[in-house]
Amino acid sequence: MPFLFLTKQNRYGSVLHMKIAICDDESVFLKRMYHYFWQQPDCTVECFLSADALLDNYKAGKRYDVLFLDIVMSPMNGIDVAKSIREYDQSVILVFFTAYLEYAPAGYEVNAFRYLLKPVGEDDISRVIKDIRAKLENATLLIKTPECELLLHIQDLQHVEADNKHSILHYKGDIITLRKGLNEMETLLPASSFFRIHRKYIVNLAYIREFDETHVTLDNGRTFPVSRRNIKQFRHAIKTFIEGAPHT
């Protein structure tokens, strides 16, 4: 279970709501980070005192847009935690807390976005959140096909559906078929705006027109089933999305 949980209504009019997790085994430092993140607009933050608790959340299907990890933790250091998480999620942005910059090269193995040198101040958090927000708001997805490489703007991806071992992307009215399974596609898409409603479907929350306990209808009129076991998480995801990024 998370050590702390906080969420805020959209007070600043931002169109991006970020799901953030912080993991550090020093409770005093973690509480200070809690306070700093509370000052940031449109963030949902969970704090973890142990790597095991964070990994348990990932194994249960929870996803985040950004992870802040302390490098020096016991018994599992932050780099090893990140390697484990990369098995579940390729798109999450990783930021490391560290008192020793000599650990920095190891971060390249897990595609680290930034290092914050301890002691970390409120200005450090504000700057990195600003940079992350800019990155996410302009997020693109590089897809390799046998013919070429495609650079897709994530906000224009309406939904993805499974077709055996392939995935079919519905993008700006076009259909793109990829030799990637839906599990792999799920790891590439940001958790704040995409949700897997069914074993065969991932939808962009921004395109949902209506939904009930069993189905979701998108702006284009297409309707998809929602798995019964996913409905509770889906309701939470859509509520969080609406609070942070209202769709007009």
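Of the 248 residues in this chain, 51% count as buried. The model is predicted, with an average pLDDT of 83 over the chain and 88% of the residues scoring at least 70. Residues 1-15 have a pLDDT below 50. In the model this stretch still has 52 contacts beyond near neighbours in sequence.

The chain holds 6 helices and 16 strands. Among contacts between residues at least 6 apart in sequence, 58% join residues at least 24 apart. The chain exposes about 12,800 Å², and carbon and sulfur atoms supply 50% of that area.

Next comes the interior. In soluble globular proteins, nonpolar side chains tend to be buried together. The largest nonpolar core in this model has 23 residues. Within this core, the residues with the most contacts are Ile20, Ile22, Met33, Phe37, Phe68 and Ile132. At least two residues of the core come from each of β2, α1 (27-38), β3, β4, β5 (93-98) and α4 (122-137). A second, separate core has 21 residues, including Ala53, Leu54, Tyr58 and Ile71.

Met33 can be followed into its surroundings. Leaving aside residues up to four places away in sequence, Met33 touches Ile22, Phe97, Val120 and Ile125.

Just after α2, Gly61 takes a positive phi of about 100°.

Which side chain of opposite charge is nearest to Asp65? It is Lys19, 6.4 Å away. A salt bridge needs a side-chain nitrogen of Lys or Arg within 4 Å of a carboxyl oxygen of Asp or Glu. Asp65 is buried yet has no salt bridge.

What does Asp65 touch, not counting residues up to four places away in sequence? The list is His17, Met18, Lys19, Val92, Ile93, Leu136, Pro190, Ala191 and Ser192. Lys19 is thus found both as a contact of Asp65 and as its nearest side chain of opposite charge.

Note on methods:
Residues are numbered from 1 along each chain as its sequence is written. This is a predicted model: local features need pLDDT of at least 70, side-chain atom pairs count only at pLDDT 80 or more; totals for chains, interfaces and linings use all residues. Side-chain values use heavy atoms; hydrogens and water are left out. Buried means under 20% relative accessible area, exposed over 50%, partly exposed in between (1.4 Å probe, protein chains only). Lys and Arg count as positive and Asp and Glu as negative; His and the chain ends are not counted. Contact means heavy atoms within 4.5 Å. Helices (H or I, at least four residues) and strands (E, at least two) are DSSP runs, numbered from the N terminus. A nonpolar core is a set of buried Ala, Val, Leu, Ile, Met, Phe, Trp, Tyr and Cys residues joined through side-chain atoms within 4.5 Å. pLDDT is the predictor's confidence in each residue, from 0 to 100. Accessible areas come from the Shrake-Rupley method with a 1.4 Å probe; for residues, only the protein chains shown count as cover.
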